[in-house]
Amino acid sequence: MNNNDLPVTEDELHAYVDGELPADRRAAVESWLAAHPDDGSRVAAWRLQADSIRARYANVATEPIPPKLRLERMSYASRAWKIGAAAAVIAALFIGGFAGWSMRDLAGNGPNPFEQLVAQALDAHKIYVTEVRHPVEVGASEAEHLQQWLSKRVGYPFRAPDLESQGLHLVGGRLLPTTNGNAAAFLMYESASGERFTIYCTRAKGGNTALHYDAADKAGAIYWIDDNIAYIISGSASERKQLWKVARAAYEQIEPRVPRAARGS
Amino acid sequence: MTGFKEGVQSAIPALRRYARALTHDADVADDLVQDTLVRALRSQHLFNGGELRSWLYTILTNLNRNRLRSLARRPPLTAIGDNDAPDMAGPEGGGRDIERALSGLPEEQRTALLLVVLEGLSYREVADVQGVPIGTVMSRVARARIQIRAYLDTERPVLRRVK
């Protein structure tokens with residue numbers, strides 16, 4: 001009795017379909033299938049299943065890889081670099097004061113669109129943080145609705161960062177116009193002692209940037225662009241250290257999961 | 001260790017395909033892949049120099065299992081209009097059928113079948129990914145095939161009548 005004469009097992013039928021059958025059993029399985037139509041049709045059905053599965057998902061592997069899955073974007077080194085760059089900027093501010101850093105100075109040299117956005121965000125911050133009765137259009141009690149609404153109007157999936165770790169709770173948000181005709185999402189956070197920070201967020205053209213800092217009057221802003229979305233975190237310029245911590249907490253939450261829908265538009 | 005990063009990089013398309021087939025949701029799938037990549041880069045020092053691809057599939061498989069566990073504690077969500085979407089993939093537009101059949105499988109059977117059939121892993125490699133003996137992998141694949149066939153046999157006649 002050689003290998004060809006042993007009865008064919010169920011496992012061997014699967015191994016045959018999956019290319020795992022030892023070569024010396026191949027002929028035995030094939031003649032078994034020819035003689036047993038029921039098994040033959042089962043094997044044919046399994047093959048068809050496998051073909052359908054491959055046909056259904058093969059194209060996923062040939063799609064362009066979304067930017068959020070680029071390794072250089074998620075390596076710890078590159079994120080640490082961005083944060084380090086911002087820390088250097090802030091350290092320089094502590095040492096050198098504000099000379100040459102205000103938005104008004106930049107404006108004199110013909111501001112680029114991003115600088116205009118930062119200026120608008122700072123203006124909005126200054127106007128709304130002093131507002132007592134109507135600081136926001138939609139309150140944090142309707143946070144889910146707020147996020148859906150802002151996502152829809154700004155045009156990409158938008159989540160309000162959780163800044164409880166910084167002692168800040170979400171007050172709510174509102175929709176604002178920008179000078180380039182887009183909509184901006186504007187969120188306000190407040191500490192137990194009443195200090196307010198805002199996040200201004202809108203579509204913006206331009207490559208990804210590191211974190212930057214600018215100040216105008218008494219408000220300071222840390223901002224960056226990631227995948228054509230500008231994020232501008234504003235707070236009191238006299239609390240730069242805390243602003244920096246808040247911006248970093250927001251950045252940590254936003255940066256790892258930039259919404260897919262924001263790509264390339 | 002640039003070879004490590006290049007190896008991870010080159011596995012991304014296949015990881016996306018596997019994750020898509022596991023979850024049937026492009027966003028969830030890419031989140032899974034992203035978490036897999038982050039974890040792989042962070043745990044590079046733990047990689048023992050074996051088969052990198054199997055290691056990545058193992059991470060993704062475990063993350064997906066954790067995801068399903070946490071989902072099980074929440075009420076299920078159903079995408080609106082999912083069933084109405086046209087489907088051109090697969091023979092006779094059967095892509096949606098096979099997708100439904102797969103999603104009806106227990107997680108460990110779906111994982112085993114997809115790793116073998118879609119990703120081309122050997123039974124031995126799947127056994128390593130799932131942390132079970134080869135015999136268990138084979139019985140998972142076998143049970144998955146029986147259940148998919150039963151599902152398709154009950155669904156197909158309805159679709160044929162429409163033609």
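Visitor: How many bridges join strand β5 (residues 212-216) of chain A to β6(A)?

Guide: The general idea is that strands of a sheet pair through backbone hydrogen bonds, either parallel or antiparallel. Two strands pair here if DSSP finds at least two bridges between them, and the elements themselves are DSSP runs, with helices (H or I) of at least four residues and strands (E) of at least two, numbered from the N terminus. In this predicted model, β5(A) and β6(A) run antiparallel and are joined by 5 bridges. Within that pairing, A:Tyr213 stands opposite A:Ile222 of β6(A). The hairpin of these strands has 2 residues between them, and A:Asp217 takes a positive phi near 50 degrees there.

Visitor: Which numbering do you use for residues and chains?

Guide: Residues are numbered from 1 along each chain as its sequence is written, while chains are lettered from A and ligands numbered from 1 in the order in which they are written. As the model is predicted, local features need pLDDT of at least 70 and side-chain atom pairs count only at pLDDT 80 or more, while totals for chains, interfaces and linings use all residues.

Visitor: What pairs with β6(A) over 8 bridges?

Guide: That is strand β7 (residues 229-236) of chain A, in the antiparallel sense. A:Ala221 has A:Ser234 of β7(A) as its bridge partner. These strands also form a hairpin with 2 residues between them, and A:Asp227 in the turn has a positive phi of about 50 degrees.

Visitor: What is the order of the strands in the open sheet?

Guide: The sheet has 7 strands in the order β1-β2-β3-β4-β7-β6-β5 (chain A), with antiparallel pairing. At its edges are β1 (138-139) and β5 of chain A, each pairing on one side only. Elsewhere in the sheet, strand β3 (residues 183-191) of chain A runs antiparallel to strand β4 (residues 196-203) of chain A, with 7 bridges joining them. There, A:Met188 has A:Thr198 of β4(A) as its bridge partner.

Visitor: Is β6(A) covered or open, and how do I judge that?

Guide: Count neighbours: a residue is buried if 20 or more other C-beta atoms lie within 10 Å of its own, exposed if 12 or fewer, and partly exposed in between, with C-beta atoms placed from the backbone. Strand β6 (residues 219-226) of chain A is mostly covered, as 8 of its 8 residues are buried. Both faces are covered, with A:Tyr223 among the buried residues on one side and A:Trp224 among those on the other. For β5(A), 4 of the 5 residues are buried, so it is largely enclosed by the rest of the structure.

Visitor: Which residues touch the most other members of the largest nonpolar core?

Guide: In soluble globular proteins, nonpolar side chains tend to be buried together. A nonpolar core is a set of buried Ala, Val, Leu, Ile, Met, Phe, Trp, Tyr and Cys residues joined through C-beta atoms within 7 Å. The largest one has 50 residues, and A:Cys201, A:Tyr231, A:Ile232 and A:Ile233 touch the most other members. Helix α9 (residues 240-254) of chain A supplies the largest share, 7 residues. Apart from this core lies another of 42 residues, including B:Val33 and B:Leu115.

Visitor: What does chain B contain?

Guide: Chain B has 7 helices and 0 strands. Of its 163 residues, 37% count as buried.
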